[in-house]
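I opened this structure for a first look. These are my notes, in the order I looked things up.

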Amino acid sequence: MNHVRTGILARPRATAAPPAPGVAKLRNPLLALPSAGRLHELDPLTREIVAAIFVDLAVEADQLAEVSWRRRKAPMAAYWRAVCTYSRHFARAVRRAGRT
């Protein structure tokens with residue numbers, strides 16, 4: 001007997017719409033800060049080096065968050081997850097400064 005899902009689970013996923021103006025600032029709150037505009041002052045090589053450092057930091061913080069979670073250290077897991085998130089946001093902000 002086949003069961004048919006109904007309700008929200010049965011609905012097809014919406015297709016991705018083009019991003020609206022200002023959406024980048026919603027997804028990456030660092031872009032909304034006035035000082036983020038200073039990233040444009042960095043030369044491209046410096047921006048890429050800084051972005052790579054923050055990507056590495058995000059990877060390490062993500063690993064520490066997982067270790068902390070497995071050790072039942074939820075506050076430290078949350079801390080490291082936040083470090084990971086903001087490191088990725090910063091890396092994207094630095095790279096984005098070179099594209100605009």
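I began with the core, and a nonpolar core here is a set of buried Ala, Val, Leu, Ile, Met, Phe, Trp, Tyr and Cys residues joined through side-chain atoms within 4.5 Å. Buried means under 20% relative accessible area, exposed means over 50%, and partly exposed lies in between (1.4 Å probe, protein chains only). The model is predicted: local features need pLDDT of at least 70, side-chain atom pairs count only at pLDDT 80 or more, and totals for chains, interfaces and linings use all residues. Residues are numbered from 1 along each chain as its sequence is written, and side-chain values use heavy atoms, with hydrogens and water left out.

**Core.** I found seven residues in the largest nonpolar core: Leu-31, Leu-39, Ala-51, Ala-91, Ala-93, Val-94 and Ala-97. Helix 3 (residues 74–99) gives the largest share of this core, four residues. Helices (H or I, at least four residues) and strands (E, at least two) are DSSP runs, numbered from the N terminus.

**Whole chain.** I looked up the fold next. The chain has three helices and zero strands. From the N terminus the elements run α-α-α. Of the 100 residues, 21% are buried. I then checked contacts, meaning heavy atoms within 4.5 Å. Among those between residues at least 6 apart in sequence, 66% join residues at least 24 apart.

**Helix 2.** I followed helix 2 from residue 44 to residue 70, which is 27 residues. Its first and last C-alpha are 39 Å apart, close to the expected 39 Å. That expected span is 1.5 Å times one less than the number of residues. Which residues of helix 2 are buried? I noted Arg-47, Ala-51, Ala-58, Ala-61, Ala-65 and Ser-68. Just after helix 2, Arg-72 takes a positive phi of about 65°.

**Aromatic rings.** Rings of Phe, Tyr and Trp (its six-membered ring) pair if their centres lie within 6.5 Å; planes under 30 degrees apart count as stacked, over 60 as edge-to-face and the rest as tilted. I counted two aromatic pairs by this rule. Phe-54 and Phe-90 form a tilted pair, 4.3 Å centre to centre with 55° between the planes. This pair links distant parts of the chain, with Phe-54 in helix 2 and Phe-90 in helix 3, 36 residues apart. Phe-54 counts as partly exposed because its relative accessibility is 25%. Phe-90 is also at 25%, so Phe-90 counts as partly exposed. Tyr-79 and Trp-80 form an edge-to-face pair, 4.9 Å centre to centre with 75° between the planes. Tyr-79 is partly exposed at 45% relative accessibility. Trp-80 is partly exposed at 23%.
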